Amino acid sequence: MATVDEFAHLPMDVRPIARLEAEARIAHILTERWIQHATVDRLLGYLQEAFDQPPRERMENLLLLGESGMGKTMLIRKFERQNAVSFDEATGVQHRPVVVVLMPPQPTESEFFHRVLESIEAPSVRYWSNGGQLRTSAIRLLREIGTRVLVIDEINSVLVGSPRQQRLFLQLLRFLSNDLRLALVGVGVPEARHALLSDTQLRSRFSDIELPLWTLGDDLRDFVTRLVWSLPLRQPSPVDSAKLRAMLVERSGGVTLGICKAVERAAMAAIRSGRERIELASFDDPEIWHGVAAPGRGTRSQLRGIAVARRA
């Protein structure tokens, strides 16, 4: 059996995993892993700026946009973890500076506040049977746990509501920002921006930031390198290849999930075959690309209408 020192091509935390049997290493590959890279570092910086602003009448809010599969939810969960605080034994309160809420399928006040209470693990959330009780209880608890940023994931679900539901929900967001003096972060696909266009006051309080599709360049090279480093392969993988990166972008449409699937499947095949490394030829197997396809261009591009403004 190889020693940890023989896996010098891997980061220190991955080397012990490389010593495990094949199935254990494959199980590790199938788990979610955070891959640090320049784009998410920049976006985490914007999110942290929103977190660090002092409470005031007019809070600056963010709209985080990206195609499905780009890793938006993992990004906001990372942001949530890096701002988590320990349990306050003196008060008996678990403070939650960042609360992440999944937008309900219908943009109604009652459903939204049920989701808020569930997100903060409030006991017996169904106890509050009407909108007034829900709103009062949710706002009180958000104050009590010291929430500074409320993240609303899949905010594009607002668009499935009737015009009246959309208008009322946007008014609710304005109320929450003003009353609690917290920052709002909406997360969704690019069409989510249209959810704010009808409310001039709310739109002026949001800045757009984007998790863009991957294109050829140094950022992609860095990401693929770090992704391969996270895989417990026992041999170095010669993946610094412009041809390989071009293939990954073309076949996946530049979507993070597709790139990760292809690379991870190539790694699992390398473990099972005993090759223990990824190379350009690893991607000749059609099974590597099963279910990996570029997102549809026509409909989504037409729906966007307005290009997403990237923050400098």
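Colleague: Which residue is the bridge partner of asparagine 61 in strand 5?
Modeller: That would be phenylalanine 206. Keep in mind that this is a predicted model.

Colleague: And what does leucine 62 stand opposite in strand 5?
Modeller: Serine 207. Strand 1, residues 61–65, pairs with strand 5 over 5 bridges, in the parallel sense.

Colleague: How many bridges are there between strand 1 and strand 4?
Modeller: 4 bridges, in the parallel sense. In that strand 4 pairing, leucine 65 stands opposite glycine 188.

Colleague: Zooming out, what order do the strands of the sheet have?
Modeller: The order is 2-3-4-1-5, an open sheet of 5 strands with parallel pairing. Strand 2 (98–102) and strand 5 (206–210) are at the edges, and each has a single partner strand, so one side of each lacks a neighbour in the sheet. From one strand to the next, the twist averages 20°.

Colleague: Back to strand 1: are its residues buried or exposed?
Modeller: Buried, 5 of the 5, so strand 1 is largely enclosed by the rest of the structure.

Colleague: Which residues are on which side there?
Modeller: Asn61, Leu63 and Leu65 are on one side, with Leu62 and Leu64 on the other; both faces are covered.

Colleague: New topic, helices. Which strands does helix 3 lie across?
Modeller: Helix 3, residues 38–52, lies across strand 1, strand 2, strand 3 (149–153), strand 4 (183–188) and strand 5. Helix 3 runs at about 155° to strand 1.

Colleague: Great, thanks!

Technical notes: Residues are numbered from 1 along each chain as its sequence is written. This is a predicted model: local features need pLDDT of at least 70, side-chain atom pairs count only at pLDDT 80 or more; totals for chains, interfaces and linings use all residues. Side-chain values use heavy atoms; hydrogens and water are left out. Two strands pair if DSSP finds at least two bridges between them. Helices (H or I, at least four residues) and strands (E, at least two) are DSSP runs, numbered from the N terminus. Axes are lines fitted to C-alpha atoms, for helices over the stretch in contact, and angles run from 0 to 180 degrees between N-to-C directions. Contact means heavy atoms within 4.5 Å. Buried means under 20% relative accessible area, exposed over 50%, partly exposed in between (1.4 Å probe, protein chains only).
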